[in-house]
Amino acid sequence: MKLVVIGGVAAGMSTAARARRLDESAEIIIFEKAHHVSFANCGLPYHIGGVIKERDRLLLQTPESLKASLNLDVRTSHEVIKIDAKKKSVRVRNLETGKEFSESYDKLAYCPGAEALRPPIDGIDLEGVYSLRRIGDMDKIKALIDGELSKKVAGERGDVKAVVVGAGYIGLEMAENLAHIGVEATVVELSDQILPPIDKEMSIPVENHLRSRGIGLHLSTAAAAIRQADGGLKVELNSGEVLDADVVIMSAGVRPSTALAKAAGVELAEHGGIKVNANMQTSIPDIYAAGDVVETPHTVLPGEYLAPLAGPSNRQGRVVGENVTGRKTTYKSTQGTSIVKVFDMVAGGTGATEKQLQRLELPYHKVHIHPSGHAGYYPGTSTMHIKLLFDKKGKILGAQACGFDGVDKRLDVLATALRGGMSVYDLEDMELSYAPPFGSAKDPVNMAGFVASNLLRGDIKLWYSEDYPSATEGKQLVDVRTKDEYDIWHIPGAINVPLDQIREASKEWDKSKPVRLYCGVGFRSYLAYRALVQTGFKDVATLSGGSTTFRYYHEFTTETEAIPTPVLNYAETESLFKKPAVATGLNVDIDCTGLACPGPIMKLSEQMQQLSAGDEITITVSDPGFAADGPAWASRNGHELVAMEPAGSGFKATFRKGGVGALAGAQSRAAVSQKPKTSFVVFSGDLDKLIAAFIIANGAVSMGEEVSMFFTFWGLNSLRKKNPPRRQKKMMEKMFGAMMPTGPDELKLSQMHMAGAGTAMIKNVMKQHNVNTLPQLMQSAKESGVRMIACTMTMDLLGMAPSDLMDDIEFGGVASFLGEAAESHTTLFI
Ligand code: FAD
């Protein structure tokens with residue numbers, strides 16, 4: 001038997017090696033057009049990033065080693081240019097000599113892989129624009145970047161920049177590896193999420209992590225053109241932005257290399273790949289195909305799919321090797337199990353995604369859980385996010401996971417369970433290895449099984465983040481977390497009844513009124529759920545995945561800052577005092593690694609109570625959510641976030657205690673200013689109250705006083721611009737923005753509003769009595785030096801940005817107000 005293989009990497013080499021092991025007498029020739037065979041393409045990004053130091057380690061075999069070990073005839077730099085299926089021969093070009101010749105075959109294995117997609121945009125063929133598929137691509141990219149980096153080291157140029165087009169697995173691996181070697185990388189992605197093979201809410205933690213590690217990200221954006229510029233490239237985005245780049249990496253997906261087979265009459269399948277039967281045989285019986293070029297059945301979904309992954313390619317090659325040597329084995333299906341490392345984070349999935357199930361209108365159930373990678377008390381763990389999809393009988397349809405430690409093994413257990421046709425009830429029974437460094441006695445996989453089984457057995461009823469706000473309308477929305485957690489952030493409209501008070505508090509509630517519960521991850525609200533339904537509440541449901549999943553659905557980061565800018569920092573620098581308290585030099589270290597939210601905040605709060613103003617706490621956390629929670633807690637409590645930097649899966653942050661220190665600051669300032677002062681807290685957004693406030697404020701300034709007005713909550717509406725500059729808004733910001741009045745002209749009377757008639761009447765009466773309008777009063781207050789300070793903490797809550805508010809407004813936190821109030825002889829709350 002004479003076997004000819006086209007393509008000498010994953011599928012091709014697996015075919016050839018397996019065929020040899022089963023048939024010692026076969027003649028086996030492999031044509032590979034590149035210079036190398038059997039190389040590790042999955043390792044290419046890591047050599048560019050210097051993680052895999054020696055290039056040779058990617059070259060797993062050579063033609064010589066394959067000749068010696070398997071007696072294979074491997075011919076590199078030989079491109080097959082035609083298949084003649086009738087004559088059973090291939091036409092081959094030696095790329096080094098240019099000579100062509102024909103080679104006959106008994107069986108042909110077609111394994112040419114896939115080609116990188118190169119979108120038809122201007123400048124795609126410019127020098128410096130690359131795709132990463134082969135060793136040669138890697139060499140070119142590495143040479144260019146290393147050259148530019150050495151110029152930078154020599155002081156001959158500034159930062160080296162790269163633009164990566166496509167936020168799939170390879171794109172993100174490239175971004176990470178470029179960052180490792182000091183290249184400023186920006187990723188541009190057409191879709192509204194990174195990692196298109198997983199569901200969007202599961203991609204958000206990774207997206208946040210990517211940004212926190214300094215990678216720029218432009219989602220829902222296309223690279224429109226690439227231009228040559230002085231000493232580099234300019235990538236024009238369809239958003240109008242232009243990015244500088246020394247190198248552009250195109251990783252916008254792949255297309256199966258079907259041209260030769262198609263020309264020979266081989267049938268293609270629905271998505272443009274080669275159609276094969278279970279023996280990996282094409283429509284022409286002596287031609288087999290495997291790898292990125294074929295479509296195979298999906299393990300869960302109906303139909304055939306392309307799945308450009310190394311595992312399936314190798315396994316398919318093995319099946320071809322068996323079939324061409326006479327063993328009738330079958331390739332069953334591909335479930336698309338995949339995984340990626342993005343800095344310290346890991347994400348992946350197996351089976352169907354929710355997007356796919358929805359597209360095909362297949363029925364499914366889902367749960368989200370957020371367990372720790374291993375026992376929280378053993379160092380080095382963090383929150384992991386798991387999403388499990390299953391049918392009404394519990395059969396597993398798909399699973400996704402992301403997090404830091406132990407994500408890979410959970411994904412693999414779930415992939416195995418899916419492949420074995422197991423159900424969520426089987427996950428409950430799984431006995432998995434456990435000791436504190438590796439897991440928990442109830443492993444995350446068991447936990448996913450427990451929650452999913454509870455749902456199917458009717459022990460819990462869930463409501464889902466994407467159904468907010470309609471899912472909570474007309475219902476009592478109850479946050480069962482602690483007050484501290486609720487104060488940092490809660491779902492608009494929720495009341496706070498901590499779990500330990502729910503039994504007592506619910507005695508007063510109407511049991512026929514629907515209750516929608518939530519907590520941080522879904523566990524405390526499950527306990528509350530059980531308590532309520534067993535005491536007669538008729539319609540109770542708890543939020544799947546709790547506020548953690550909710551925030552990923554509704555509050556994902558859209559900005560490109562590295563770490564979320566702490567509100568208090570910018571508030572205070574723009575405001576009264578650079579620092580609310582002078583550092584005393586005392587610094588307490590606390591280690592909260594392994595603690596999930598609210599653990600770190602509670603520890604911080606407890607410890608802070610024992611310190612004096614100006615003392616500092618340096619806290620180390622592994623919970624990535626602390627990036628938002630820590631600064632919000634500090635801002636709310638009048639403390640200062642001094643510094644925050646990434647540390648492992650989480651952050652290391654230093655907070656300085658505020659309070660009395662702020663007063664001390666205020667006093668020193670008061671010593672400079674001898675004028676009497678009046679300060680206002682403008683809480684209300686009612687027209688009449690605002691008019692009264694500004695009349696008093698203008699009066700006070702005219703009497704020689706200093707006046708500061710601190711606008712918080714609804715009072716902020718009076719400062720809103722009618723037509724602020726456009727900016728990207730989160731869903732919640734859009735909702736608040738649409739519901740609230742924009743500026744002084746839109747405010748209404750607190751009483752006798754009478755569908756607008758009262759408001760119009762008062763404006764008319766004011767005109768008749770020559771009283772200035774509210775906008776005029778505000779203008780004159782501003783001109784006479786009244787300081788208007790917008791509360792940044794409330795702005796954050798209501799989703800307002802500085803650009804939404806009038807010009808010449810100051811921004812401040814609680815400490816700013818306390819400082820002003822301390823100096824004032826009168827403080828008015830409007
Ligand atoms: P390939 O491995 O691409 O091999 C096809 C070969 O055929 C090529 O060498 C090509 O030169 C040759 N060829 C094509 N046409 C001809 C012709 N006419 N004549 C002669 N030779 C020809 N998958 C994962 O599962 N996990 C990962 O982490 C992962 N990381 C990756 C990282 C990178 C940078 C890349 C490029 C891919 C990665 N993949 C990963 C995908 C995985 O490598 C592929 O799915 C797998 O290699 C496909 O195997 P294949 O044999 O079908 O194609």
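# Exercises on a predicted model

Among contacts in the protein chain between residues at least 6 apart in sequence, 68% join residues at least 24 apart. Keep in mind as you work that this is a predicted model.

## Exercise 1: The chain as a whole

Describe the protein chain by its secondary structure, its extent and its surface.

*Solution.* 
- Begin with the elements: 26 helices and 40 strands occur in the protein chain.
- Next, take the extent. The C-alpha trace spans about 105 × 70 × 55 Å along its principal axes.
- Then turn to burial: of the 830 residues in the protein chain, 53% are buried.
- Finish with the surface. The accessible surface is about 35200 Å², and carbon and sulfur atoms account for 53% of that surface.

## Exercise 2: The ligand and its shell

Work out which residues surround the ligand and how much of the ligand the protein covers.

*Solution.* 
- Count the shell: 28 residues surround the ligand, and the closest are Ala11, Glu32, Asn41, Asp292 and Ala310.
- Divide the shell by residue type, and you get 16 nonpolar, six polar and six charged residues.
- Ask where the shell comes from. Helix H1 (10–22), strand E4 (78–84) and helix H8 (310–324) each supply at least two residues, and E4 gives the most, with three.
- Check the polar distances. A ligand oxygen is 2.8 Å from a polar backbone atom of Ala11. For the side chain of Glu32, an N or O atom lies 2.6 Å from an oxygen atom of the ligand. In the side chain of Asn41, an N or O atom is 3.0 Å from a ligand oxygen.

## Exercise 3: Glu115

Is Glu115 buried, exposed or partly exposed, and which residues is Glu115 in contact with?

*Solution.* 
- Read the accessibility. Glu115 has a relative accessible area of 39%, so this residue is partly exposed.
- Leave aside neighbours within four places in sequence; Glu115 is then in contact with Gly253, Val254, Arg255 and Ser257.
- Look at the side chains: those of Glu115 and Ser257 make a polar contact at 3.1 Å.
- Glu115 and Leu360 are 245 residues apart in sequence, and their C-alpha atoms are 28 Å apart.

## Exercise 4: Asn279

Is Asn279 buried or exposed, and which residues does Asn279 touch?

*Solution.* 
- Find the loop between strand E18 (274–275) and strand E19 (287–289), which holds Asn279.
- Compare with the cut-off: buried means under 20% relative accessible area. Asn279 has 14% relative accessibility and therefore counts as buried.
- List the contacts without residues up to four places away in sequence: Asn279 touches Tyr288, Val319, Asn323, Lys328, Thr329 and Thr330.
- End with the polar pair. A polar atom of the Asn279 side chain lies 2.9 Å from the backbone oxygen of Thr329.

Terms used: Residues numbered from 1 in each chain as written. Predicted model: local features only at pLDDT ≥ 70, side-chain atom pairs only at ≥ 80, totals over all residues. Heavy atoms only, no water. Near = heavy atom within 4 Å. Polar contact = N/O pair within 3.5 Å; in protein donor to acceptor, adjacent residues only side chain to side chain. Areas by Shrake-Rupley, 256 points an atom, 1.4 Å probe, with all protein chains shown as cover. Helix = DSSP H or I, 4+ residues; strand = E, 2+ residues; numbered from the N terminus. Nonpolar A, V, L, I, M, F, W, Y, C, P; charged D, E, K, R; others polar. Buried < 20%, exposed > 50% of the residue type's maximum accessible area, 1.4 Å probe, protein only. Contact = heavy atoms within 4.5 Å.
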